[in-house]
Amino acid sequence: MSVKHDILSVMSQWAPEDTAEAWDNVGLQLDTQKPIERLAIMLEFNLDTWAVFNEYDYDFVICHHPLIFKPIQRLGHDEWQDQVLRNLIKKDIGLYVSHTNLDRALDGVTDMLMRQYAFDIQREEDLSNGYGKCIELSEPAELHLLLDKVPAVAQIIPNELEIKTIALCGGSGKSFVQDVIKSGVDLFITGELGYHDIQTLRQAKVGILLLGHYQSEAFICEGIKQRLEHLEIEIDIIK
Ligand SMILES: [Zn+2]
């Protein structure tokens, strides 16, 4: 069996493509028949990651955020997405995307986010079909101790908040605000939220820690690399 076949089977067993959201676009976005000896893993493909990528001879890329998202109606020269896609086609480089299917997968983005903080967890359950996690800590946590573990770029914390339960979700937590409020947790840790999401949570007295979209997901690249390390190819993570 080819390396491409092995990569696709590892990825689709871990995060089946049919578990992605209906609005999402995941899977093999650019197929190639050339043998794969060097693989790159990245969170997003743009002109910056392309510049790094292009310094080496990669044959295949696994990317978290879809390069092809909306149906392509024309391929121009001006948009960065078009330029990256053109570059990939010219060099016959394959592209596989695992996005919302990987967010909710077992040991996927949200699981890895939760685990990297090594909280002392008494109980955990899924939030919003597995896109998030709700955890109950063994002991209530003080905010300053929590902040030693969680490198938040912004915090919106109600006065005298005691933190016993936490909801977590990598990337944008926007779609899950109502579920977070319904779950009755004390704190929501996510990558990013909009102004109105923050107001809604604030009125419900839920504390918020924002990590940054990239920062809340970047570690999944290492997770993907570990899954594929048994293949006899070179694998690099591009930041
Ligand atoms: Zn994301």
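The model is predicted, so local features need pLDDT of at least 70 and side-chain atom pairs count only at pLDDT 80 or more, while totals for chains, interfaces and linings use all residues. Residue numbers start from 1 along each chain as its sequence is written.

**Exercise 1. Overall layout**

Task: State which domains the protein is assigned, how far apart their C-alpha centres lie, and how the radius of gyration stands against that of a compact globule.

Solution: 
- Step 1. Domain 1 covers 3-103 and domain 2 covers 109-210; such bounds come from an automatic or database domain assignment.
- Step 2. Between the C-alpha centres of domain 1 and domain 2 there are 31 Å.
- Step 3. A compact globule of 239 residues would have a radius of gyration near 18 Å, and the 19 Å of the protein agrees with this. The radius is taken over C-alpha atoms, and the globule rule is 2.2 Å times the number of residues to the power 0.38.
- Step 4. The C-alpha trace spans about 60 × 40 × 30 Å along its principal axes.
- Step 5. Nine helices and 11 strands make up the secondary structure. These are DSSP runs numbered from the N terminus (helices: H or I, at least four residues; strands: E, at least two).

**Exercise 2. The six-stranded sheet**

Task: Give the order of the six strands in their open sheet, and say which of them stand at the edges.

Solution: 
- Step 1. The order is β5-β6-β8-β9-β10-β7, with mixed pairing. Two strands pair if DSSP finds at least two bridges between them.
- Step 2. β5 (121-127) and β7 (154-156) are the edge strands; each has a single partner, so one side of each lacks a neighbour in the sheet.
- Step 3. From one strand to the next the twist averages 20°. Axes are lines fitted to C-alpha atoms, for helices over the stretch in contact, with angles from 0 to 180 degrees between N-to-C directions.
- Step 4. Five bridges join β6 and β8 in the antiparallel sense.
- Step 5. β8 and β9 also have five bridges, here in the parallel sense; Ser172 stands opposite Glu192 of β9.
- Step 6. In β9 (187-192), five of the six residues are buried, so the rest of the structure largely encloses this strand. A residue is buried if 20 or more other C-beta atoms lie within 10 Å of its own, exposed if 12 or fewer, and partly exposed in between, with C-beta atoms placed from the backbone.

**Exercise 3. Helix α5**

Task: List the buried residues of α5 and find elements that cover them.

Solution: 
- Step 1. In α5 (109-116), the buried residues are Val109, Thr110, Asp111, Leu113 and Met114.
- Step 2. Their cover includes α4 (100-104), β6 (132-141), β8 (163-172) and α9 (220-228).
- Step 3. α5 lies across β6 and β8 and runs at about 135° to β8.
- Step 4. Just after α5, the phi of Ala118 is positive, about 50°.

**Exercise 4. Core and a buried aspartate**

Task: Name the residues with the most contacts inside the largest nonpolar core, and decide whether Asp197 is buried or exposed.

Solution: 
- Step 1. The core has 54 residues, and Met42, Val61, Ala167, Val180 and Phe188 have the most contacts inside it. A nonpolar core is a set of buried Ala, Val, Leu, Ile, Met, Phe, Trp, Tyr and Cys residues joined through C-beta atoms within 7 Å.
- Step 2. Domain 1 and domain 2 each supply at least three residues to this core.
- Step 3. Leaving aside neighbours within four places in sequence, Val61 contacts Ala40, Met42, Phe45, Ile93 and Leu95.
- Step 4. Asp197 belongs to helix α8 (195-203). With 21 other C-beta atoms within 10 Å, Asp197 is buried.
- Step 5. Not counting residues up to four places away in sequence, Asp197 touches Lys174 and Val177.

Terms used:
Contact = placed C-beta atoms within 7 Å.
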